[in-house]
Amino acid sequence: MSAIQRAIRRFHATVNAPRLTRLSLHAPRCVEVEFGNGSVFNLSAEFLRIHSPAVDAKVRSIAGEKVISGRRHVGIMSAEPVGNYGVRIVFDDLHNTGIYSWDYLYHLGSNKFSLMRNYIKTLNKYGLRRDPPRRK
């Protein structure tokens, strides 16, 4: 049994939340999470990176909005369990400070399409792009 699976079992023994039954890392592209209520979510690296619960130096704040651009091709290097409640995802842009709780992963999966649509609208609003800037 992997460390992530052990963390999932410990978490569900103490919290009354949608039961996370499986977390599969498909590096570098995505994480797939499955919950006991039958919900299965495939969350891309870009989606997880732009919705990181951490704040770091790569975040632009425009008019008070958190805006992360240029992450279309970011990859996931690893995922490490954190306590009984979540996972730390390490991205290939060296971002590694976000801890994704099981509840937060469920929220992201349940609202994936509206969150992504709002993200693209925000980028367009400020003239930003999902693609990284071209090197000169």
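The legends below describe close-up views of a predicted model.

**Figure 1. Confidence along the chain.** The mean pLDDT of the protein is 85, with 82% of its residues at 70 or more. Strand β3 (residues 40–44) has the highest confidence, at a mean of 98, and helix α1 (residues 3–14) the lowest, at 50. Over residues 11–15 the pLDDT is below 50, and this stretch has nine contacts in the model beyond near neighbours in sequence.

Figure 2. The structure holds eight salt bridges, and two of them are described here. The side chains of R22 and E32 meet at 2.7 Å, N to O. This pair links distant parts of the chain, with R22 in strand β1 (residues 20–26) and E32 in strand β2, ten residues apart. R22 also meets the side chain of E34 in a salt bridge, at 3.0 Å, N to O. Because R22 lies in strand β1 and E34 in strand β2, this second pair ties together parts that are twelve residues apart in sequence. R22 is partly exposed, at a relative accessible area of 28%, and E34 is partly exposed at 26%. Through shared partners, R22, E32 and E34 are joined into one network.

**Figure 3. Salt bridge between R72 and D131.** The two side chains meet at 2.7 Å, N to O. R72 sits in the loop between β5 (65–67) and β6 (76–82), and D131 in the segment after α4 (112–125), so the pair links distant parts of the chain, 59 residues apart. Both ends are partly exposed: R72 has a relative accessible area of 33%, and D131 has one of 25%.

**Figure 4. Aromatic cluster of F35, F41 and Y106.** These three residues form one aromatic cluster. The structure holds four aromatic pairs; that of F35 and Y106 is edge-to-face, 4.8 Å centre to centre, with 80 degrees between the planes. F35 lies in strand β2 (residues 30–35) and Y106 in helix α3 (residues 102–110), so the pair ties together parts that are 71 residues apart in sequence. F35 is buried, with a relative accessible area of 2%, whereas Y106 is partly exposed, at 21%.

**Figure 5. Buried face of helix α3.** The buried residues of α3 are W102, L105, L108 and G109. Seen down the axis of α3, the buried residues fall within an arc of 120 degrees, so they line one face of the helix.

**Figure 6. Surroundings of R49.** R49 is in helix α2 (residues 45–50). With 0% relative accessibility, R49 counts as buried. The side chain of R49 makes a polar contact with that of D93, at 2.9 Å.

Definitions and conventions
Residues numbered from 1 in each chain as written. Heavy atoms only, no water. Helix = DSSP H or I, 4+ residues; strand = E, 2+ residues; numbered from the N terminus. Buried < 20%, exposed > 50% of the residue type's maximum accessible area, 1.4 Å probe, protein only. Polar contact = N/O pair within 3.5 Å; in protein donor to acceptor, adjacent residues only side chain to side chain. Phe/Tyr/Trp six-rings, centres within 6.5 Å; stacked < 30°, edge-to-face > 60°. Arc of directions from axis to C-beta. pLDDT = per-residue confidence, 0-100. Contact = heavy atoms within 4.5 Å. Salt bridge = Lys/Arg side-chain N within 4 Å of Asp/Glu carboxyl O.
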